[in-house]
Amino acid sequence: MTTINALATALADAFLAGNGWRRADLVDQGGLVLGIRRRWLWPVADAVLVAYPRPPTDRPRELAEFLSTFDPLRAAVATARQHQRPIVIRTRPVTPTRTIRRPWHTPVIDTVGDLAAMLDLSTEHLDWYADRRAMNRRATAHRLHHYHYRWTDRGRLIEAPKSRLRALQRRLLTEVLGPIPVHPAAHGFVPGRSAHTFAATHTAQPVVVRIDLLAFFTHIPATRVHGLLRTAGYPEPVAHNLTGLCTNRTPNLVLRRAPTGLPHRATRLAPLRTGHLPQGAPTSPALANLCAYRLDRRLTGLADAFDITYTRYADDLAFSGDLTTRRIHDLITAVTDIARDEGFQVHTAKTRVRSRAARQLLAGLVVNHHPATPRDEYDQLRAILHNAARTGLPMQNRNGHPDFAQYLTGRVLWIGQHHPARAARLAALLAAARSHP
């Protein structure tokens, strides 16, 4: 027997596939799908035209859901089932979805076929990578998974996409997500911003408050990603496939390998069972920033109400200004409530409040006077370079970095940024270490 959902979906596709949006047009289209113009098609057409004066060509699923709740249609299905006279769906037209609005300069992708062509895929391969039916999660063979999985010593699950999916995600990052603006308070993984710009806003402040969000990426569900892509103007089927390409549902066999002593185990594992942003995908940082836009906006408003400053670097929230003990308590309570309301959870054990008399640390930088790495990090790197200048780089590579010289170059640039004297001394030591025979 044809179910109400199947009938509603077929009629929604038929209505949108027609050349007109009048009562007679919808009845004719319904009659073609069913092989006969049934009496209840007229009230169905009337209800659709009242609810949708214009065809919702970007929302076929929404139209189908509306039809599935329409009483005459439900009654027709119930009567057919009672009298054993099934309603037969004769044909299933392809819905020609299209983009109705574009608030940003994102590429126009009207249909699933257009998305497949943009990514140089067949529609079958697109369906495989998007994994809309969660077949990937149920697969037991690793070769059928789209991701490599690894639990870290700190209890984080790294979900690294395999090469082909990673290449697709990088294209989406550049072409689809790149044109969408992030909130000014977001500094992590944003071109032109960095840990230094994140920390610099909070230099020389009486009090610095740092609040950490627990399992930041995995607490952003696929439904929120889908909502973002719909806001960008993409039709439902296109947004659904884009969401599938950028989110993941962790297989049960991977969840069973989670460390037994994992802190907040239930809180961490629950979102992994459903669609979420995988930590390790190139699209996840950008999507996390975009999906946290409302969080950033609300926290910025909160900071304005307290007459203080707010910025965010990934899962690190930073506030600074003139705060009394009572106001600090009120601030942390308000941030916790807003984060919970936005679907996030504050990691209370990592909340830090530092006055000017203590070392104020944000994103690995001390901000008491100006953003700078801690002195002990500088001393440690200087010792390594000094020893490498005498014994050679390989002798100091105790952690087995594959390109130790490049690693040290990155550390010199990081520690020496905004500190010319340190940068010059470290660069000279690095040059001496590189020249060691």
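Tutor: Let's begin with how pieces of the chain are named: helices (H or I, at least four residues) and strands (E, at least two) are DSSP runs, numbered from the N terminus. This is a predicted model, in which local features need pLDDT of at least 70, side-chain atom pairs count only at pLDDT 80 or more, and totals for chains, interfaces and linings use all residues. Residues are numbered from 1 along each chain as its sequence is written, and side-chain values use heavy atoms, with hydrogens and water left out.

Student: How many helices and strands are in the chain?

Tutor: The chain has 21 helices and eight strands. Its C-alpha trace spans about 90 × 55 × 45 Å along the principal axes.

Student: What percentage of the residues is buried?

Tutor: A residue is buried under 20% relative accessible area, exposed over 50%, and partly exposed in between (1.4 Å probe, protein chains only). Here, buried residues make up 48% of the 437 residues. Among the buried residues of α12 are Glu236, Asn241, Leu242 and Cys246.

Student: How do I read two helices that pack together?

Tutor: Two packed helices are described by the angle between their axes and the distance between the axes. Axes are lines fitted to C-alpha atoms, for helices over the stretch in contact, and angles run from 0 to 180 degrees between N-to-C directions. Look at helix α18 (residues 375-391) and helix α20 (residues 404-416): their axes come within 11 Å and cross at roughly 145 degrees.

Student: Is the crossing of α18 and α20 left-handed or right-handed?

Tutor: The crossing is left-handed. That word applies if the near helix is turned anticlockwise from the far one by less than a right angle; clockwise makes a crossing right-handed.

Student: Which residues of α18 and α20 meet?

Tutor: Contact means heavy atoms within 4.5 Å. On the α18 side you will find Glu377, Tyr378, Leu381, Ile384 and Leu385, and they meet Phe404, Leu408, Arg411, Val412, Trp414 and Ile415 of α20. By class, that makes nine nonpolar, no polar and two charged residues. For these classes, Ala, Val, Leu, Ile, Met, Phe, Trp, Tyr, Cys and Pro count as nonpolar, Asp, Glu, Lys and Arg as charged, and the others, Gly among them, as polar.

Student: How are aromatic rings compared?

Tutor: A pair of aromatic rings is described by the distance of the centres and the angle of the planes. Rings of Phe, Tyr and Trp (its six-membered ring) pair if their centres lie within 6.5 Å; planes under 30 degrees apart count as stacked, over 60 as edge-to-face and the rest as tilted. The whole structure holds eight aromatic pairs. In one of them, Phe404 and Tyr407 have ring centres 6.1 Å apart and planes at 15 degrees, so they are stacked. Both belong to helix α20, and being three residues apart there, they are separated by about one helical turn. Phe404 is buried at 9% relative accessibility, while Tyr407 is partly exposed at 35%. Elsewhere, Phe189, Phe198 and Tyr313 form one aromatic cluster.

Student: What does the side chain of Arg210 make a polar contact with?

Tutor: A polar contact is a pair of N or O atoms within 3.5 Å; within protein, one must be able to donate a hydrogen and the other to accept it, and residues adjacent in sequence count only if both atoms are side-chain atoms. Arg210 sits in strand β3 (residues 207-212), and its side chain makes such a contact with the side chain of Asp316, at 3.4 Å. Arg210 counts as buried because its relative accessible area is 18%. Leaving aside neighbours within four places in sequence, its contacts include Leu317, Lys350 and Leu361.

Student: And what should I know about phi?

Tutor: Most residues other than glycine have a negative phi. Asp120 has a positive value, near 60 degrees, and Ala363 has a positive value near 50 degrees. Asp120 is in the loop between α6 (112-118) and α7 (123-130), whereas Ala363 is in the loop between β7 (361-362) and β8 (365-366). At 61% relative accessible area Asp120 is exposed, and at 22% Ala363 is partly exposed.
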